[in-house]
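Keep the model open as you read.

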Amino acid sequence: MSKKISSTNQPKEETNLKGTLIMVMIVGIAILVMWFGAYGLFLSR
Amino acid sequence: MHLHKYEKVWLVFGLASLVLFLLIIGFAAFWKGTHPQSHIETIDPQNVEANESFQPDNLGLTEVADGKYVVNIVASAFNYDFGKEEDGTATKTIRVPKGSTVLFQVTSKDVVHGFQVAGTNVNMMVEPGHISRFESVMKNDGEFTVVCNEYCGIGHHLMFGTVEVY
Amino acid sequence: MEIFNFSKKESRLYMAFMHVTFISLLVGGLMGLLQTLVRSGKYTLPFNIDYYTILTTHGVILGLVLTTFFIVGFQFSLMGKTVGISDKQLMWGWISFWVMLVGTVLSAWMILTGEASVLYTFYTPLRAHPIFYIGLTLVIVGSWIAAFTNFRQLYVWKKAHKGDKSPLLAFMVVINMIMWFVATLGVAYSVIVLILPWSLGYVATVNVLLTRTLFWYFGHPLVYFWLLPAYMAWYAIIPKIIGGKLFSDSLARLAFILLLMFSIPVGFHHQLTEPGIDPTWKFIQVVLTFMVVIPSLMTAFSLFATFEITGRRKGYNSLFGWFKKLPWKDVRFLAPFVGMAAFIPGGAGGIINASHQVNSLVHNTIWITGHFHLTVATTVILTFFGIAYWLIPHLTGRRLTPRLNKLGIIQTFIWAIGMTIMSTSMHIQGLIGGPRRSAFSKYAGGDQVSTWISYQIWQAIGGTILFIGILLMFYIFIQLAFFAPRGYEEYPIAEEEVDAEKSPKILENWYLWIGITIALILFAYTIPMIDIIKHSPPGSIPFDWPIGRS
C-alpha cells in the first residue's frame, strides 16, 4: 500500500500551499508577540 | 522524506524564534545572573534556628548597607514569621524604599509552601530542608501582597503578608 | 488499508471506558463549577465541605481519571480497528479496565472522606491516607496492562505482515504508550518505594525534593499523554472527516517520534523556582523543552496543509476559499478545530512558562490554571468530544443524528465562550500575581486583592457557562449511548494519497528511538538526581493536620 506509483497527479512540491504558509506565519507571529509581551513585563518588574 | 518548501520556511522561522528566545533568556541567565532562585543550601527543617538567619531575633527586615536589605522569613502552615514589632506584636508588613535591593531568605518548618511578592518577580518554592533565596531590586512602588502560592493545607489561602515599597 | 470490524464484545470493552469518562466529566465538572463559585466570594460550600476536597477531586477525576480512561479506551479502539484484537488481548483489556476502576474508586473514597486533600500532585510531606496512594498505583498499573496489550497487538500484526509498515494509528498508539510507560516508572517508584512505606509509618522521613522531581519527571509527559491522542485524531482522522487524505505519513510518524524523545527529559521546567536544583541543569531542560515545540510546529503546518489541499481539490482555489469551505457544520470537525485554535495561545503560553527565569512571572499563579484549561480542557477535551460524536454511536450501533450534531455544535460554542471568559480572566489575574490552588481570600485587603476578586467573578461566570456545556455534553453522550436511532456511524480513518511517498524504514526502528529517548533522559536527569540525593537535607516527617486529618 505504500508503493510509489507513478501517477498523473502533480508532485508534492508544486502543491499550492500559499494559504497554509500565511496561516502558520500568523501563528508564529502570535507566539512572538505573546512571548515578547511576557518578557517585557518580566523586565519591567 | 519530503518537505514542502513552505514547510521548510515555516520550520526555519519557528526554529529561529525558539533559538532567539533561548539566546535572550540564556544571556540574561548566564551573563546577567538572572537565574531563577537555586542555591542548593540545606537546613534541618526541625531545627531552623540552627541557621543564624532564621533565629527569632533575626527574622524580618534588616538594612545591611545603604539601600540594601535582607528579609528573613520562616514559613509554616499557615503563617509567615516576619519577626516582631517593637511592641511585641507579629510583623505583617515589610516596608522598603523604592529602588532598594532586597534579599528575601525563606525556609519552611513543615510542609511545602510558596512565597510570592505578587506583582514582582519574587516568586519561589519554599521547601522543608532547603533555603530559598532571591534578590530583587524593588523598581515599582505600591503595596504588594505576599501570598503562599503552593497548596500547604486547608488554611493555605490565609497565609499572607504585605511588602510596601514607598 | 486493512480495517477490522468490531465484534459486540469488543465494542463493550471500549464503551466501558467511555462510560467512566463521561461520568468523570460530570462529577469533575461539578467540582470545577463549585470552585469558581467559592472563589467569587459570593458562595460558601454546604455541609462544611472543604474547598480543597473539591479541588483535589476536580484535579484527580479530570486530570488523571477522565483522561486516562478516555485515552486507554480510544487507543484500544484504534488498535482494534487497525491491527485487530484477539480474545486473549480482549481479556487483558478488561483486566486493565477493572484494575484502573478499582484504583479510581479507592482513591475517590479517600478524597471524598477528606483523608486525601493533597491535590493531584500529592506533594510530600503532606500525608494522605495510604489507600489513596494504593488507588493511584492501581490506576497506573491498569494503564500499564493496557500499554503492554497494545504492544502485543502490534507485535502480532507485524508477525503476520512481515515487511509491511505498521498502520499509522497503531504506530502512534504504541509511541504514546511507550512514553507513558517510561514516564510513569518515575511516579510509580516515588509512590511505591518512597511515599507508601512512609505514609504507613514504616519509614520515618521522606526526601521531599526527590518525590517532587520524580513527580515532574512524570508530570510533563503526562500532559503529552493527553495531547498525543488529540494529535492522532488531527493527523489521521480529521482528514477523512473533511474528505481529504493524509498529508504525509512519514512526517506524522516523525512528529510522534520527536514527541516521544522530548516529552520526558523536561520535567524541571515545572520546578524552575525550586531551591534545590542547579540552575544550569534547569536551563538544559529548558532547551530540551523548546525542542518539544518543534513537532507541534510541524503539526500546525500539516493541519493547514491538509485543509488547503482538500479544499483546492474540491475546486475552492482562492487564497482562503478552502478555509471558508471547511465543513463547519459537522461537529466531528468543528469541535476539534476549536481545540486546535485554542492550542495557539495555549502553546505560546507554554513557551512563556518554560522560559527559565521568566517563569517567576507566572509560576503558581492562576495564569498556569488558565494555561492548562486552554491546552487540556479545551484543545484536548474538545478533540475528545469530537471523537466521541462518532466513536460512541459506532460502538453502540447508532447514528449521530442531525439534531445531535446540532446540539454538538451548540456545545462547542458554549465551551468556546465559557472558556474564553474563564481562561482569559485567569491569565490576566495570574499576570498581576493572583495565586492558583487557593480558596477565596481577601488576604490583607487592598487594591491588588480587590482586582483579583473582580477577575474571580468573571471566572465564576465562565465556569457556569462551561458547566452548562458539560450538562449538554453529558446529555449528548447518553443519547448516543442509549437512545439515538439504530444505524451505522463511520469510524473515520484517513488514507494515504495513491502516489504517496514511501515512508523510510528507519521510522519504525523502535530500538533506535527508544534508545535515544532513554539516552536523553539519562543525560537530563542523571547528574541533577545524584546532586539531589547527595545534597539532600534531613528528611521530612509526615504532616496530617494541615489537610484536616487527625
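C:Leu119 is found in the loop between H3 and H4 of chain C. This is a predicted model, so local features are described only where pLDDT is at least 70. C:Leu119 has a positive phi of about 60°, although it is not a glycine. Most residues other than glycine have a negative phi.

Most peptide bonds are trans.

Now step back into helix H3 of chain C, where C:Phe97 lies. C:Phe97 has 5% relative accessibility, so it counts as buried. Follow the chain from C:Phe97 to C:Ser107, 10 residues apart. Their C-alpha atoms are separated by 15 Å.

Chain C holds another positive phi. C:His356 has a value of about 45°, and it is not a glycine. Look for C:His356 in the loop between helix H12 (331-353) and helix H13 (366-396) of chain C. Is C:His356 buried or exposed? C:His356 is buried, with a relative accessible area of 0%.

Move to chain B for another cis bond. The peptide bond from B:Ala77 to B:Phe78 is cis, and its omega is near 0°. B:Phe78 sits in the loop between strand S2 (68-76) and strand S3 (79-81) of chain B.

Next, find strand S6 of chain B, residues 113-117. Why is S6 described as largely enclosed by the rest of the structure? The reason is that 5 of its 5 residues are buried. The side chains split into two sets. B:His113, B:Phe115 and B:Val117 point one way from S6(B). B:Gly114 and B:Gln116 point the other way. Both sets are buried.

S6(B) has two strand partners to trace here. Begin with strand S7 of chain B, residues 123-126. The two strands run antiparallel, joined by 4 bridges. B:His113 stands opposite B:Val126 in S7(B). B:Phe115 stands opposite B:Met124 in S7(B).

S6(B) and S7(B) form a hairpin, with 5 residues between them. In the turn, B:Gly119 has a positive phi of about 95°. S7(B) is covered on both faces. B:Asn123 and B:Met125 are on one side, and B:Met124 and B:Val126 are on the other. These four are all buried.

The other partner is strand S9 of chain B, residues 142-147. S6(B) and S9(B) pair in the antiparallel sense over 2 bridges. Here B:Gln116 stands opposite B:Val147 in S9(B).

Zoom out to chain B as a whole. Its domain assignment gives domain 1 (1-35) and domain 2 (48-165). How far apart do the C-alpha centres of these two domains lie? The centres of domain 1 and domain 2 of chain B are 36 Å apart.

Turn to residues 9-31 of chain B. An unreviewed UniProt entry annotates this stretch as "transmembrane region". In the model, the chain over residues 9-31 is 96% helix and 0% strand. The end C-alpha atoms of the stretch are 32 Å apart.

Chain A has 1 helix and 0 strands. Of its 45 residues, 36% count as buried. The accessible surface of chain A comes to about 2,800 Å². Carbon and sulfur atoms account for 65% of that surface.

A:Ile22, A:Ile26, C:Leu319 and C:Phe320 make a nonpolar surface patch of about 310 Å². On the chain C side, C:Leu319 lies in the loop between helix H10 (293-313) and helix H11 (321-324). C:Leu319 has 35% relative accessibility, so it counts as partly exposed.

Conventions: Residues numbered from 1 in each chain as written. Chains lettered and ligands numbered in written order. Predicted model: local features only at pLDDT ≥ 70, side-chain atom pairs only at ≥ 80, totals over all residues. Heavy atoms only, no water. Patch = residues over 30% accessible without salt bridge, like charges linked within 9 Å, V, L, I, M, F, W, Y side chains within 5 Å. Areas by Shrake-Rupley, 256 points an atom, 1.4 Å probe, with all protein chains shown as cover. Salt bridge = Lys/Arg side-chain N within 4 Å of Asp/Glu carboxyl O. Buried < 20%, exposed > 50% of the residue type's maximum accessible area, 1.4 Å probe, protein only. Domains from an automatic or database assignment. UniProt positions renumbered as here; feature names shortened; annotations may be inferred. Pairing = 2+ DSSP bridges.
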